[in-house]
Amino acid sequence: MLTKRIIACLDVRGGRVVKGIQFVDIIDAGDPAELAHRHAAAGADEIVLLDITATHEGRGTLLETVKRTASQLFVPFTVGGGIRSAEEAAAVFDAGADKVSINSSAVSRPELIGEIGSSFGAQAVIVAIDARRAAGSADPVREAEVYVSGGRKPTGLRVVDWAIEAEARGAGEILLTSMDSDGMRNGFDCELTRAVSEAVQIPVIASGGAGSAAHFAEVFLAGKADAALAASIFHFGVTDSRVLKAEVARAGVPMRLPC
Amino acid sequence: MIAVIDYKAGNLTSVVKALKFLGADDIVVTQKPDDVLRADKVVLPGVGHFQATQLLEDLALTQAVREIAAKGTPFLGICVGLQWLYEGSTEAPNTLGLGHFAGQCERFPAAYEGAELKSPHVGWNSLEDVRADSRLLKDVTPGSFVYYTHSWRAPLGADTAASTMYGGAFTGAVERDNVMGVQFHPEKSAETGLKVLKNFLEL
């Protein structure tokens, strides 16, 4: 049976893993390679490394960090942050990534999705969407807006519409981050996740707000997510994936266990 | 020497890295039929579109693989590399597969048993009905999880070594004598995947 995935995310700045709350208030959480291996050994189904400051500082992804992290990592490994062209994506794949995640660059030039997919396959392209609910709107979920540049710039695009376009252009998965929930540990935005998941055929990874096993079960069951991503709850030893997955499985969600 | 065939279908880094991790130090990533013919083992990775396998024919690699298959060289196809071992795929009807195994690869149905079925099939799924005589899957327990990412799949047949359920059962691994294939990505399937690659290296 196909299981739901628990993904450990490493937000990297200047070669170190950091953790923010609602995209600001950054604190240090450790070395990327070391944390990636620890997560994989602890049962994470997948590892994502996001170079969170790459786009707004206008520099390329930290290929050395990617290389070091990818060596001896035998679960799927995604890298995002600052990838603006198929050539830059190729360099990230060469360094050992299995998938790339593109965000701002896909919004400014949607053709990029297909360009990377044509060389490396659609499965290798994740379109990341940073979403904020439309406060004050009659339908804050349907009207939720896409933000770029690490959550700094609103785009005017509707989240659901952009997810549908990304799929049509050849995205293999959608990584949906709720900026409202990010770092709050109050649970994922299940309504928004469900709206996107029902709008597309490709897998949707929910992100932002994980605080407990119950939150994961909720986003899989009510939010119809195919995978869920979290960072801080793992880094500081609050839980490891194996413990988390056993609890999520008890709630009736298929999980890869033992892992 | 292990020949890893590069036909420009996706990224080979992870496969080569996993083989090296398991102790294979003499690896040649190649497009040359001669390298394939003189190799002790041959690996055909590949993700993406079935159309990409046309390059195998164009570079005379199809003929080289036929020869090594006949002379007993262990061969492992991964993902699209497994699909290519069949007669073809509805993904690219004009591109012929090797035809070593019977049947066509087809897309997952949009719905199964009344429920919508997402495609691609992405994630960790279990290997079932693991054939006891499989050399590739030696010591792999039925129910072990492996990582998949694909939209087309090979049918079940007499040579299926393990199946996986998603919109019905499909071939997760296939094996007849020295010719083998896995639809999943052993290089990304943690301990189980490394065990499969190790079994192959030890043939």
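Reader: Before we get going, when do two strands count as paired here?
Author: Two strands pair if DSSP finds at least two bridges between them. Keep in mind that this is a predicted model.

Reader: Which residue is the bridge partner of B:Gly88 in β6(B)?
Author: That's B:Gln104.

Reader: Switching to chain A. Is strand β1 mostly covered or mostly open?
Author: Mostly covered: of the 9 residues in β1(A), which spans 5–13, 8 are buried.

Reader: What does β1(A) pair with?
Author: One partner is β12 of chain A (residues 227–230), parallel over 4 bridges. There A:Ile6 stands opposite A:Ala228. β1(A) is also joined by 6 bridges to β4 of chain A (residues 46–51), again running parallel. In β4(A), A:Asp51 is the bridge partner of A:Val12.

Reader: Now the annotation. Which residues does the UniProt "active site" cover?
Author: A:Asp11 and A:Asp130, according to an unreviewed UniProt entry. They span 120 residues in sequence, yet no two of their C-alpha atoms are more than 14.2 Å apart, so they gather at one spot.

Reader: Where does A:Asp11 sit, and is A:Asp11 buried or exposed?
Author: A:Asp11 is in strand β1 of chain A. A:Asp11 counts as buried because it has 24 C-beta neighbours inside 10 Å, and the cut-off for buried is 20 or more.

Reader: What about A:Asp130, buried or exposed?
Author: Buried, with 27 C-beta neighbours inside 10 Å. A:Asp130 lies in strand β7 of chain A, residues 125–132.

Reader: Which residues is A:Asp130 in contact with, leaving aside neighbours within four places in sequence?
Author: Among them are A:Asn103, A:Tyr147, A:Gly151, A:Thr177 and A:Met179. A:Val146 and A:Val148 are in contact with A:Asp130 too.

Reader: Last topic: how many residues are in contact between chains A and B?
Author: 24 residues of chain A are in contact with 28 residues of chain B.

Reader: What's the make-up of the chain A side by class?
Author: The side of chain A that touches chain B has 10 nonpolar, 7 polar and 7 charged residues.

Technical notes:
Residues are numbered from 1 along each chain as its sequence is written. Chains are lettered from A and ligands numbered from 1 in the order in which they are written. This is a predicted model: local features need pLDDT of at least 70, side-chain atom pairs count only at pLDDT 80 or more; totals for chains, interfaces and linings use all residues. Two residues are in contact if their C-beta atoms, placed from the backbone, lie within 7 Å. Ala, Val, Leu, Ile, Met, Phe, Trp, Tyr, Cys and Pro count as nonpolar, Asp, Glu, Lys and Arg as charged, and the others, Gly among them, as polar. Helices (H or I, at least four residues) and strands (E, at least two) are DSSP runs, numbered from the N terminus. A residue is buried if 20 or more other C-beta atoms lie within 10 Å of its own, exposed if 12 or fewer, and partly exposed in between; C-beta atoms are placed from the backbone. UniProt positions are given in the numbering used here, feature names are shortened, and annotations may be inferred rather than shown by experiment.
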